Each structure stands twice: as structure tokens, then as C-alpha cells.
Amino acid sequence: MLLVLSCAAIVIAIAYGTSSHRNNREKESRALYEQYCGNCHGPKGEGLRQLYPPLTDPAWLDVSVAACIIHYGIQGEITVNGQTFSGTMPPQVEVRPDEIAAILSYIRQEFLNEKQKVTIREVNEALQNCSE
Amino acid sequence: MKIRVPASSLLAFAILFACGAPPKNAGEKGEKNTPDRLPYLGNPTIVSKEVNGKLVADTIPQTIPSFRFVNQERQEISEKTFAGKIYVADFFFTTCPTICPVMSAQLLRVYEAFPAEKNLLLLSHTIDPEHDTIPVLREYAEKLGVTADRWHFVTGNRDSIYMLSEFYMVTAEEAPSEPGGFIHSGSLILIDKNRHIRGIYDGTNPKEVDRLIRDIPVLLREP
């Protein structure tokens, strides 16, 4: 009986530990998104009219494209979800590759329902291959 | 004799009670929070005036002084533009990466809440007139989808804008070390027909903007 109880306690502890670890990472990712992206692109990635594009177009959210935009910024005319935007997003060189990975994982999870996490390695590879 | 009640039903009752009661109270409280009359904010001035040949003290609430700017349609905007109307003012700049987009999104809610109200205007002052020229402000307003008959985006003499911001009780200053190069508070300020301050709201907090949207009809009803 004691054995069963202690086993159950361990299982619960492990489950709780993993889930709280995951919750913390999700909280951190959300905080990074809110700090660097959410002011303009909105808490739900909805964008703001024609001023700021939504973050719901998969074509712009591939790590190879999005990591470069976060790091180097972007300007000129672009088409997002079939709508034209023209403006300037400033470069954010202070955002580290691990933070970019967390932000992109968050955006893809929350707004595209894409469970696969973006890794730091993928971000570093992307940043080495950004076009001018 | 004992009455046996399944624990689960007790729990269900407790949850029902706990969850059922508060929203109703909160709703009633929320309605009570909207006052019949809005306060006068800022620093009043005591002046003496003559009544029936006697000098008596009179209190004048803080008043927004006269001003003259140009809006996104190149129209001259002054206190006369707002004669007989109430308005919501804020201070921003178009390249602001921090709180301004949130303020614009929230002010857009106010704009959309009163589509047919001719006695309510919105007034956004740029604190970066060097960059935010008339065409830049015009493009910003167009992209936001708002028009100058209800929402003025104004620019003008830099010092006049900064000086005026103090009368609106908004801090605005250049800060090269900050993202975007300026710091300023994100307040939305509600001004009455006599240019007195009747409400100050945090323009980055949707709940505060809900309060502003509830307060506007109260001020509109004032004679």
C-alpha cells in the first residue's frame, strides 16, 4: 500500500514538474512576444488595420523568413493574407537567437496551431542565410 | 440520524455558488462605477471677481490654453475646432515601437464606439514633428482607416506641442536611449466644452478605455 502511494506521489511529482516547467517556458515565450511583437501586431497576432500586418500568414512565418525579419527588420511593400502593407519594421538585433526561437515557436503555436517547436539551430542557420 | 450527501454534490453546490454570485455583483458594481457627473482634474486657479460690487474668490478648473496646429488634411486646427464639443486627446509618434500602437488600437475603439456622434472629436498630437510631417500623418490616418472630420492628427511647432502636453498632464520628452527616441505617458485625456480636464485614462489598458467609453456619454449629456 505504502509502495503504491509513494509511486503515485512520484508520478504526480514528475507530471507536475514537467508541466510547470512547460508552463514557465510558455510564459517566457509569451512575455517575449509581448515585449517585442505584441505592441504592433496585437495580443492575438491580429495586426492593426493597414498599419501593421497580422501574424497569421504561414508564408511569412517560416523560420527562414521570419528570423531574418525580426533581426534585420523589413521595409517596402509586402502582401500578407492577400492584403498589401507598406511600412517599416525596425531591426531588433538585441533579440538573441534563442529568444527568436521562443518567439517563433509561440507565434506558430498560438496563431497557426503548429505544434512543432522552432529550434535555436534553425534560427542560427536562417540568420546566416538572410537575403539582403 | 445522519443525512448523507455525496461530497461531489456539495462541491458542485460550492462551485455553483462561488461562480454564480460574483459576476452579478461585479455587473452591478460596474454600472455604479459610472458617475452621474465627472470630476474636474488638474490644478484649479483662484481668481477674484466682482459680484454685486463685491470682490469674491472664484475657482477656475485647469484649462487647456489656446493652440494652433495643422492636421493630416492640412487644415488649421485650434481650440475653435473644438468649440461646443468634447474631445479625447493623446500624444504619440508614428514610428513609436512601444506603447503608441496599443494607444492607437484603443483610441480606435473609442472612434468606433461613437460613429454618429458629432459632438465628440479625437485629437492626436505628434511629439516627433520633424519626422511626422503632414503626409506622414495622413498616411497613418488612412492606414488606420479614420477620417479628419472625427480624428485629427496634428503637427506643429515642437516647443508648442511639448508645452501644451504639460497642460494635458502628459509627460513627453526626447530620450535618445529609449526605443524610438522619446518617452511619454500613454494617457488619453477627456476634455469638456470649456477645455477643462474631466478624465485621464491609461490608453494601454483596455479596462481603462472601457471606462472612458462609459464616461463619454456622461460628459456629452452635460449642458
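Predicted model: local features only at pLDDT ≥ 70, side-chain atom pairs only at ≥ 80, totals over all residues.
**View 1. Helix H2(A) meets helix H3(A).** Here we're looking at residues 63-72 and residues 97-112 of chain A, two helices whose axes come within 11 Å. The axes cross at roughly 125°, so H2(A) and H3(A) count as oblique to each other. As for handedness, H2(A) goes past H3(A) in a right-handed crossing.

**View 2. Side by side at the contact of H2(A) with H3(A).** From H2(A), the residues making the contact are Val63(A), Ala66(A), Ala67(A) and Ile70(A). H3(A) answers with Ile100(A), Ile103(A) and Leu104(A).

**View 3. The open sheet of chain B.** Seven strands line up here in the order S4-S3-S7-S6-S5-S10-S11, with mixed pairing. At the edges you'll find S4 (76-78) and S11 (197-202) of chain B; each has a single partner strand, so one side of each goes without a neighbour in the sheet. Going from one strand to the next, the twist averages 35°. Helix H5 (residues 206-220) of chain B packs on this sheet. The strands that H5 touches are S5 (86-92), S6 (120-126), S10 (187-191) and S11 of chain B, and the helix direction makes about 165° with that of S11(B).

**View 4. Strand S3(B) beside strand S7(B).** Zooming in on the sheet, residues 68-71 and residues 151-155 of chain B pair in the antiparallel sense. Two bridges make up this pairing. To get your bearings, look for Asn71(B), which sits opposite Val154(B) in S7(B).

**View 5. The hairpin of S10(B) and S11(B).** These strands are antiparallel too, paired over five bridges. One handy landmark is Ile189(B), whose bridge partner in S11(B) is Ile200(B). Five residues lie between the strands of the hairpin. Keep an eye on Arg195(B) in this hairpin: its phi is positive, near 65°.

**View 6. Where chain A touches chain B.** On the chain A side, nine residues are in contact with 15 residues of chain B. The two chains bury about 1000 Å² between them, and 55% of that is on carbon and sulfur atoms. Which residues of chain A lose the most area to chain B? They are Asn39(A), Arg49(A) and Leu51(A), together giving 55% of what the chain A side buries.

Terms used:
Residues numbered from 1 in each chain as written. Chains lettered and ligands numbered in written order. Heavy atoms only, no water. Axes fitted to C-alpha atoms, helices over the stretch in contact; angles between N-to-C directions. Helix = DSSP H or I, 4+ residues; strand = E, 2+ residues; numbered from the N terminus. Parallel < 35°, antiparallel > 145°, perpendicular 65-115°, else oblique. Left-handed = near helix turned anticlockwise from the far one by under 90°. Contact = heavy atoms within 4.5 Å. Pairing = 2+ DSSP bridges. Buried area = accessible area lost by both parts, 1.4 Å probe.
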